Amino acid sequence: MIDESIWKIEWGKGSAWGFGRIKDNPFTSDYRIERFRHPNGKLGFFINSSRMYAEYFDDKEYDSMDDLNEAALSWLRRNW
C-alpha cells in the first residue's frame with residue numbers, strides 16, 4: 001500500500017510561487033512541478049525532471065489549485 005502522506009505538492013511562496021516539488025518522496029525526487037496562470041486566469045502546469053525540461057506539459061486549464069494538484073499527482077503516480 002502506498003503511503004498517501006508522501007504524495008503532497010509543496011509549493012513555493014512569493015517569487016517562488018510557480019515552483020513545487022514532492023518533499024520526502026523517494027519515487028518523485030527527480031521531478032519538479034511548475035505552475036502558471038493562463039491569460040484567462042486559469043491555472044496550468046508542466047513537470048520537469050533531471051533528464052528533461054518540460055518532460056510533461058499539461059495542456060488543460062484548471063479552475064482551482066486542488067484540481068491542478070490532483071492532475072499533476074496523477075501524472076507522477078503513472079510515470080515514476
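A nonpolar core is a set of buried Ala, Val, Leu, Ile, Met, Phe, Trp, Tyr and Cys residues joined through side-chain atoms within 4.5 Å, where buried means under 20% relative accessible area, exposed over 50% and partly exposed in between, using a 1.4 Å probe and protein chains only. The model is predicted, with local features needing pLDDT of at least 70 and side-chain atom pairs counting only at pLDDT 80 or more, while totals for chains, interfaces and linings use all residues. Residues are numbered from 1 along each chain as its sequence is written, and side-chain values use heavy atoms, leaving out hydrogens and water.

**View 1. The largest nonpolar core.** Among the 17 residues of this core, Ile 9, Ile 33, Phe 45, Ile 47 and Leu 76 touch the most other members. Two or more residues each come from strand 1 (9–11), strand 3 (31–37), strand 4 (43–49) and helix 1 (65–79), these elements being DSSP runs numbered from the N terminus (helices H or I, at least four residues; strands E, at least two). Helix 1 gives the largest share, six residues.

**View 2. The surroundings of Phe 27.** Phe 27 is found in the loop between strand 2 (19–22) and strand 3, and is partly exposed, with a relative accessible area of 36%. Leaving aside residues up to four places away in sequence, Phe 27 touches Ile 6, Trp 7 and Trp 80, contact meaning heavy atoms within 4.5 Å.

**View 3. The backbone at Ala 54.** Although Ala 54 is not a glycine, its phi is positive, at about 55°. Most residues other than glycine have a negative phi. Ala 54 lies in the loop between strand 4 and strand 5 (56–62).
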